[in-house]
Amino acid sequence: MILVRAIIRPERTGIVLSELLAAGFPAVTKMDVYGRGKQKGIVIGDIQYDEIPKEMLLIVVNDEDKDDVVKIIMRNARTGEKGNFGDGRIFVSEVLDAYTISTAKQGL
């Protein structure tokens, strides 16, 4: 199993979630997060904003679905044809185990 963590612009979350659902990936956890990337925040006038609001999506999928999920997120979270600073990041990690609490079933 694979955990895909995507940190994206809040305004792109709706389309990303819709496309994941349409592709058969309905199970997603969404969180509001704040942070900065390589650009070290943004400056507007005399004010430095170093905690930019983003959304983090957590999706656990079978190994063979990883590439599909990453492509869906990349295609729909990107702004503009070539993307822009602040479009976000995707992190992929292995998941050793998963359990459904109500049934005590192991796996997805």
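Predicted model: local features only at pLDDT ≥ 70, side-chain atom pairs only at ≥ 80, totals over all residues.

Q: Where does A104 lie?
A: A104 sits in the loop that links β7 (99–100) and β8 (105–106).

Q: What is phi of A104?
A: Phi is near 60 degrees there, a positive value in a residue other than glycine. Most residues other than glycine have a negative phi.

Q: OK, zoom out. How many helices and strands are in the protein?
A: The protein has two helices and eight strands. Along the sequence the pattern reads β-α-β-β-β-β-α-β-β-β.

Q: What order do the strands take in the open sheet?
A: The order is β2-β5-β1-β6. That is four strands, and the pairing is antiparallel.

Q: Which are the edge strands?
A: β2 (29–35) and β6 (88–94), and each of them pairs on one side only.

Q: By how many degrees are neighbouring strands turned against each other?
A: On average by 20 degrees, with direction ignored.

Q: Let's look at β1. How many bridges join β1 to β6?
A: Seven bridges do, with β1 (residues 2–8) and β6 running antiparallel.

Q: Is β1 mostly covered or mostly open?
A: Mostly covered: of its seven residues, five are buried.

Q: Now the helices. Which strands does α1 lie across?
A: Helix α1 (residues 13–22) lies across β1, β2 and β5 (52–61). The helix runs at about 10 degrees to β5.

Q: And α2, which strands does that touch?
A: Helix α2 (residues 66–77) packs on the sheet and touches β1, β5 and β6. Its direction makes about 5 degrees with that of β1.

Q: Back to single residues. Where is the place of E55?
A: E55 belongs to strand β5.

Q: Does E55 count as buried or exposed, and why?
A: Buried, because its relative accessibility is 9%, and buried means under 20%.

Q: What does E55 touch?
A: Leaving aside residues up to four places away in sequence, the contacts of E55 include A6, I7 and I8, then P10 and T13. K30, M31, D32 and V33 are also among them.

Q: Whole protein now. What does the C-alpha trace span?
A: About 55 × 25 × 20 Å along its principal axes.

Q: What share of the residues counts as buried?
A: 26% of the 108 residues.

Q: What about the accessible surface, how much of that belongs to carbon and sulfur atoms?
A: The surface comes to about 7600 Å², and 53% of that belongs to carbon and sulfur atoms.

Q: How many of the contacts join residues 24 or more positions apart?
A: 72%, among contacts with a separation of 6 or more.

Q: Last one, charges. How many are positive and how many negative?
A: There are 15 positive and 16 negative charges. Their mean positions are 5 Å apart.

Terms used: Residues numbered from 1 in each chain as written. Heavy atoms only, no water. Pairing = 2+ DSSP bridges. Axes fitted to C-alpha atoms, helices over the stretch in contact; angles between N-to-C directions. Contact = heavy atoms within 4.5 Å. Buried < 20%, exposed > 50% of the residue type's maximum accessible area, 1.4 Å probe, protein only. Areas by Shrake-Rupley, 256 points an atom, 1.4 Å probe, with all protein chains shown as cover. Lys, Arg positive; Asp, Glu negative; His and termini not counted. Charge placed at Lys NZ, Arg CZ, Asp CG, Glu CD.
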